[in-house]
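I opened this structure for the first time and kept notes on what I looked up. The entries follow in the order in which I made them.

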Amino acid sequence: MGKNCVITGANTGIGKATAAALAGKDFRLLLACRNKEKADAAAGEIIAATGNKNVEPVILDLSSFESIREAAETIRNKFDRLDVLVNNAGIMTKTKKESKDGFELTFAVNHLGHFLLTNLLLDLLVRSAPSRIVNVSSEAHRFARFDLSDPGITRSWSPWRAYANSKLCNIYFTRALAGHLEESGVTVSSLSPGFVDTELGRDYAKKKSLLRTIMTLFAKTPEEGAATSVFLASSPEIEGVTGGYFSNCRQTKSSRISYDRENARLLWEESRKMCGLV
């Protein structure tokens, strides 16, 4: 049997395309998704397309610490080893909302939820080494205006700022975690999938709008957008490579501010407190 992998947000878009590609490589997959009906449907479609029957859903609501803890326990019960964790799920809300634990929703789902899930599965990943953690960020991180005193943006909130900041957090998390996992055999990478035609973008692009036209003409398909995630999850070329930022299956430079080690350290410490890990 192939390697064991968990993918968040795997019922649609890049996550589903990543799952399908890895299923074709004989991975055993858990699709960690909020909506059971959609997750069941995605699992069935992937099984039918690939012939790999080792694909099943796990209910995970990244806006709820309780759900994340329950999902982590389920994953532990299903897998005695975890070779790859792909933190793929992401949202961008049109209006400011709070998570079930009282944090700004985009920050909670895109960063805190994955931060907690990863930490809850970390000992399993270490025991399974060599193993990999793949964090799906975005080129949107280059537009972040991140304030560590206000990570959830209680002031001057906008959908784009919240999303960009959360994607910068993904890179800070990657670099801080890579430092904590030195010599453990677990590697951590972040990536940009590029401009992809997914449900996240469609929420902002009405059928007859200019943005929708641009997406139709120029955006990558979910399969093309998933290529770097699949590469980081499965390629022997990057064995032992950790802490990097990738695009189009190649390591590249992220924004200047994303290399700020002190920001990464402080975000790590604050995130631990927010998630109740201290």
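**Entry 1: terms and source.** I count two strands as paired if DSSP finds at least two bridges between them. Helices (H or I, at least four residues) and strands (E, at least two) are DSSP runs, numbered from the N terminus. The model is predicted, so I note that local features need pLDDT of at least 70 and side-chain atom pairs count only at pLDDT 80 or more, while totals for chains, interfaces and linings use all residues. Residues are numbered from 1 along each chain as its sequence is written, and side-chain values use heavy atoms, with hydrogens and water left out.

**Entry 2: strand 1.** I looked up the partners of strand 1 (residues 4-8). Strand 1 runs parallel to strand 2, joined by five bridges. Within this pair, cysteine 5 stands opposite leucine 29, and isoleucine 7 has leucine 31 as its bridge partner. Strand 1 also runs parallel to strand 4 (residues 84-87), with three bridges between them. Here valine 6 stands opposite leucine 85.

Next I checked burial, where buried means under 20% relative accessible area, exposed over 50%, and partly exposed in between (1.4 Å probe, protein chains only). Five of the five residues of strand 1 are buried, so the strand is largely enclosed by the rest of the structure. In a regular strand the side chains alternate between the two faces of the sheet. On strand 1, Asn4, Val6 and Thr8 are buried on one side, and Cys5 and Ile7 are buried on the other.

**Entry 3: strand 2.** Strand 2 is joined to strand 3 (residues 55-59) by five bridges, and the two run parallel. I found alanine 32 opposite valine 58 of strand 3.

I then followed the chain between these strands. A crossover is right-handed if, with the strands pointing away from the viewer, the path from the first strand over the helix to the second runs clockwise. Strand 1, helix 1 (residues 13-23) and strand 2 form a right-handed β-α-β unit. A right-handed β-α-β unit is also made by strand 2, helix 2 (residues 36-50) and strand 3.

**Entry 4: threonine 118.** Threonine 118 sits in helix 4 (residues 105-127). It counts as buried because its relative accessibility is 1%. For contacts I use heavy atoms within 4.5 Å. Apart from neighbours within four places in sequence, threonine 118 touches Leu85, Asn87, Ile133, Phe173 and Leu177.

A polar contact is a pair of N or O atoms within 3.5 Å; within protein, one must be able to donate a hydrogen and the other to accept it, and residues adjacent in sequence count only if both atoms are side-chain atoms. The side chains of threonine 118 and asparagine 87 make such a contact, at 3.0 Å.

**Entry 5: serine 166.** Serine 166 belongs to helix 5 (residues 159-180). Is serine 166 buried or exposed? Serine 166 counts as buried because its relative accessibility is 1%. A polar atom of its side chain lies 2.7 Å from the backbone oxygen of tyrosine 163. Leaving out neighbours within four places in sequence, I list Thr106, Phe107 and Asn110 as contacts of serine 166.

**Entry 6: cavity and pocket.** On a 1 Å grid over the protein atoms alone, a cavity is a set of points where a 1.4 Å probe fits but cannot get out, and a pocket is an open set with protein on both sides within 12 Å along at least five of seven lines; lining residues have an atom within 4 Å of a point. Grid points are joined across faces, edges and corners, and a volume is the space filled by probe spheres set on the points.

I found one cavity of 30 Å³ or more. The largest cavity has a volume of about 50 Å³. Its lining includes Asn87, Asn110, His114, Lys167 and Phe173. Helix 4, strand 5 (131-136) and helix 5 each give two or more residues to this lining, and helix 5 has the largest share, three residues.

The second largest pocket holds about 210 Å³ of space. Among its lining residues are Tyr172, Arg175, Tyr259, Asp260 and Trp268. Helix 10 (261-274) and helix 5 each supply at least two lining residues, and helix 10 gives the most, with five.
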